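Let's take a friendly walk through this model, one feature at a time. Have the sequence and the 3D view ready.

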Amino acid sequence: MRLKGLSSRGYHLILFVVAMIVCLFLVLPLVIVVITSLNSTAYSAFPPKGLSLRWYENLLSQPQFLRAFGNSVFSSACATLLALVAGTLAALAIQRFEFPGRNLLRALFMSPMVVPKIALGVAYLILFSKLRIAGGLFALILGEAVTIMPFVLSIIGSTLANVRREHEEAASDLGAGPLRVFFTVTLPQIRLGLLMSGAIAFIFTFDQVETALLILRPENSTLPIELFLYMEKWQDPTIAVVSTLMLLIALALFFGLKLILRSVPEVQRVLERKEN
């Protein structure tokens with residue numbers, strides 16, 4: 001609702017100023033991190049007393065970061081793939097079929113979203129220790145897949161609600177089996193939901209600390225853990241260098257995802273309606 005007594009131009013000016021303040025609040029810390037990564041001194045300071053690439057060179061002499069980065073990418077990708085498969089099957093069962101305990105099952109799948117991550121980490125540690133798989137990346141993948149299941153289930157469930165069932169019924173009438181109907185009719189209609197839930201799940205798991213810190217052995221550490229351990233010993237701008245590189249990777253992923261989304265027919269139709 002517009003404020004009384006304000007013209008349309010004044011109203012839009014206030015919205016613009018507020019939007020700029022919010023953007024500045026979000027972007028300024030990232031800018032400070034990037035500038036700090038170029039600091040020439042052996043400690044983090046802002047503004048820097050000089051500019052240098054010495055800490056980028058120092059990062060090259062820290063192989064544990066590259067190993068941890070590989071572990072993070074591998075575990076996050078596998079956990080995301082596992083959560084997409086299991087979450088899609090669970091969403092299909094809950095959305096399409098009536099059975100006793102359906103709401104209870106939905107609540108069970110959504111519970112990791114509200115349970116504290118440290119509590120989940122302790123539970124995973126006890127369970128995986130009993131199964132004798134604690135300490136490895138396989139245990140982390142299983143734990144992260146369960147943690148991100150609520151995101152996949154909620155997004156895919158909402159997408160399935162908008163699927164045109166008449167297309168599936170027509171394919172069935174033409175003799176297609178359930179699997180063929182799913183892969184040729186249902187899957188193309190929910191691919192946008194799969195893409196969005198997969199992107200959110202990957203980002204969430206990549207930054208996971210609590211579970212990984214409790215169940216992984218030191219040689220299997222992920223990038224957030226290595227950053228945490230490094231900061232316990234050193235306070236130089238190497239951490240800012242890693243953060244800057246991660247920021248560049250995140251921007252590359254963002255623009256790559258944007259290009260992929262623009263090629264999806266559903267998104268193209270929305271953009272065309274906005275332009276018209």
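## A loop residue to start with

R132 sits in the loop between α5 (117-130) and α6. Helices here (H or I, at least four residues) are DSSP runs, numbered from the N terminus. R132 is exposed, with a relative accessible area of 76%; the scale calls a residue buried under 20% relative accessible area, exposed over 50% and partly exposed in between, using a 1.4 Å probe and protein chains only. R132 has a positive phi of about 60°, although it is not a glycine. Most residues other than glycine have a negative phi.

## How to read the numbers

This is a predicted model, in which local features need pLDDT of at least 70 and side-chain atom pairs count only at pLDDT 80 or more, while totals for chains, interfaces and linings use all residues. Residues are numbered from 1 along each chain as its sequence is written, and side-chain values use heavy atoms, with hydrogens and water left out.

## Helices α6 and α8

Two packed helices are described by the angle between their axes and the distance between the axes. For helix α6 (residues 137-161) and helix α8 (residues 178-206), the axes come within 9 Å and cross at roughly 150°. That makes α6 roughly antiparallel to α8. Axes are lines fitted to C-alpha atoms, for helices over the stretch in contact, and angles run from 0 to 180 degrees between N-to-C directions; those over 145 degrees count as roughly antiparallel, under 35 as roughly parallel, 65 to 115 as roughly perpendicular and the rest as oblique. α6 passes α8 in a right-handed crossing, and the handedness is left if the near helix is turned anticlockwise from the far one by less than a right angle, and right if clockwise.

Which residues of α6 and α8 make the contact? On α6 they include I148, F151, V152 and I155, and on α8 they include I190, L194, I200 and F204. Contact means heavy atoms within 4.5 Å. By class, the contact of α6 with α8 has eleven nonpolar, seven polar and one charged residues. Ala, Val, Leu, Ile, Met, Phe, Trp, Tyr, Cys and Pro count as nonpolar, Asp, Glu, Lys and Arg as charged, and the others, Gly among them, as polar.

## Helices α10 and α11

The axes of α10 and helix α11 (residues 238-262) come within 10 Å and cross at roughly 160°. The two helices α10 and α11 are therefore roughly antiparallel to each other. Here α10 passes α11 in a left-handed crossing. L223, L227, Y230 and M231 of α10 meet T238, I239, V242 and M246 of α11. The residues of this contact divide into seven nonpolar, one polar and no charged.

## Salt bridges

How many salt bridges are there? The count comes to four, where a salt bridge is a side-chain nitrogen of Lys or Arg within 4 Å of a carboxyl oxygen of Asp or Glu. One of them joins E226 to R67, with the closest N and O atoms 3.7 Å apart. E226 lies in helix α10 (residues 223-233) and R67 in helix α3 (residues 63-96), so the pair ties together parts that are 159 residues apart in sequence. E226 is buried at 9%, whereas R67 is partly exposed at 39%.

Another salt bridge links E98 with R102 at 3.5 Å between the closest N and O atoms. E98 is exposed at 68% relative accessibility, while R102 is buried at 19%. R217 and E219 also form a salt bridge (3.0 Å, N to O). R217 is partly exposed at 39%, and E219 is partly exposed at 46%.
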